[in-house]
Amino acid sequence: MSNNIITTINEKQYQINKTTGEATELMTVTLPIGSKWQTPKQQAAVKQWKEYQEAKKLKQQYISTVKSRLGNFYFILTDNVFLDVSPQTATRLIMLCTYLNYSNQFMRTNKTPMAKSDIQTILKLSKTAVNKFWNEVRDKYIIDRNNGLYINNNANIFRNKIPKNNQYLQYQKIYINTVRALYKVTHPQKHKQLGYIFKLLPYINLEYNIFCTDAFEQELNQIKPLSMADFCKLINCDIGQASRLQKDLKSLTFDYQGNQERLLSYVDDGNNTPHSKKIFVNPHIIYNGSDYKRVEILGIFYNTDNKSTRHFANS
C-alpha cells in the first residue's frame, strides 16, 4: 500500500508522504510521442554514469600522455627492495631490467634472448665488475636457463601487469628510456651513489616523489619529508659527509627530450643545512602517481644552478 496521498491545494496537485508530512508539488509534462521519460532516480543514475565515463576518458588520456612523454616502464615492488645487494649492483640491475620483455625474459634485441655473456657489453663494465654483479644477483634476481636469462619471480619485478594478489602492495614504475639515458652518462664509479636512490625506493612517496616516512600519503600537507640528514642515516653515511653526498647526487643528470635534467631536486626552508633539505626524485625516471606534472612543478629538475634548488617556507 502506498505511503503517499495526492491532494489538490489552490488548483495545484501535491504528493504528501503520510509518514513525514513532506509535500512535493506535482507537475504535468506533455512529451512528444516516442519520447522516453525518466524518473529522478533514473536521471541521477544516468548523470553518474556520464560522470564515470568522463573520468574514465580523462584517465585514458592521461595514460596516453604519460606513455608518449615518459615511454615504456616496468614495475618494481619497493618493499624491502635490494636489501641483499650493494648499491652499485642495485643500479646495474635496474638498468639490466630495462631489457625485460613481457614474459619477463631478458632480451638483447626484440627477437634475440640475452645470454650471460652479453651482460658485460650491455652494462659497460669490466670483467671483474661483471663477475661481482653476477655473484650478487645469480638465482636471487636472475635465473640462467638453457634458453636465456629470466627475472626471478621472487624478485617482484615485472614488465607485464602486476599479479592480482600483489596489486595493492607498494610498487613503483621505472621508465626504460630515461633509465638508460641516465645510466649511459653515469660513470661506473658513481653507480654506488645512484644505487642509494634505488635502495631507498620504499621511502619515495607514490604521488609526490618526495622522500618521506609514508609513501602512501596522498595529502601533500600531511607528508612528513625526510631530510638530507635522514637520508644519510638510512644509508649509514656520516652526517658530516652530507654536503659531499649531496654534491655527488646533484651531479647525476640525464638527457630528457633534448634537455639536461637532474635526478634529484633539493627543497629547503632557506637554512641550507642537511636537516632542512628535502629531496624530490625526478618523475621522468621513477613515478607511479596520478600526475607527474605536479612533481615537476614542486621539484624543478632542470640542470641549471639557479633552478635546481628551491626555497619554501615551512616545508
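A nonpolar core here is a set of buried Ala, Val, Leu, Ile, Met, Phe, Trp, Tyr and Cys residues joined through side-chain atoms within 4.5 Å. Keep in mind that this is a predicted model.

Q: Which residues touch the most other members of the largest nonpolar core?
A: They are F82, I142 and F231, out of the 75 residues in that core. Leaving aside residues up to four places away in sequence, F231 touches Y196, I197, L200, F211, L245, L249 and I279. There is also a second, separate core of five residues, among them F75, F158, I162 and Y171.

Q: Why is D268 called buried?
A: Buried means under 20% relative accessible area, and D268 has 0%, so D268 counts as buried. D268 lies in strand β11, residues 264-268. Its C-alpha is 6.0 Å from that of K278, a residue ten places apart from D268 in sequence.

Q: What makes D118 buried or exposed?
A: The relative accessible area of D118 is 12%. The cut-off for buried is under 20%, so D118 is buried. D118 sits in the loop between α2 (87-96) and α3 (119-123). Not counting residues up to four places away in sequence, D118 touches R108 and P113.

Q: How do you know on which side of α4 the buried residues lie?
A: The buried residues of α4 (127-137) are A129, V130, F133, W134 and V137. They cover an arc of only 135 degrees around the axis, so they are on the same side of α4. As a general point, an α-helix has 3.6 residues a turn, so residues three or four places apart point the same way. The exposed residues K127, T128 and K132 are on the face of α4 turned away from its buried side.

Q: What covers the buried residues of α4?
A: The cover includes α2, α3, β5 (142-145) and β6 (148-151). After α4 comes D139, with a positive phi near 70 degrees.

How values were computed:
Residues numbered from 1 in each chain as written. Predicted model: local features only at pLDDT ≥ 70, side-chain atom pairs only at ≥ 80, totals over all residues. Heavy atoms only, no water. Helix = DSSP H or I, 4+ residues; strand = E, 2+ residues; numbered from the N terminus. Buried < 20%, exposed > 50% of the residue type's maximum accessible area, 1.4 Å probe, protein only. Contact = heavy atoms within 4.5 Å. Arc of directions from axis to C-beta.
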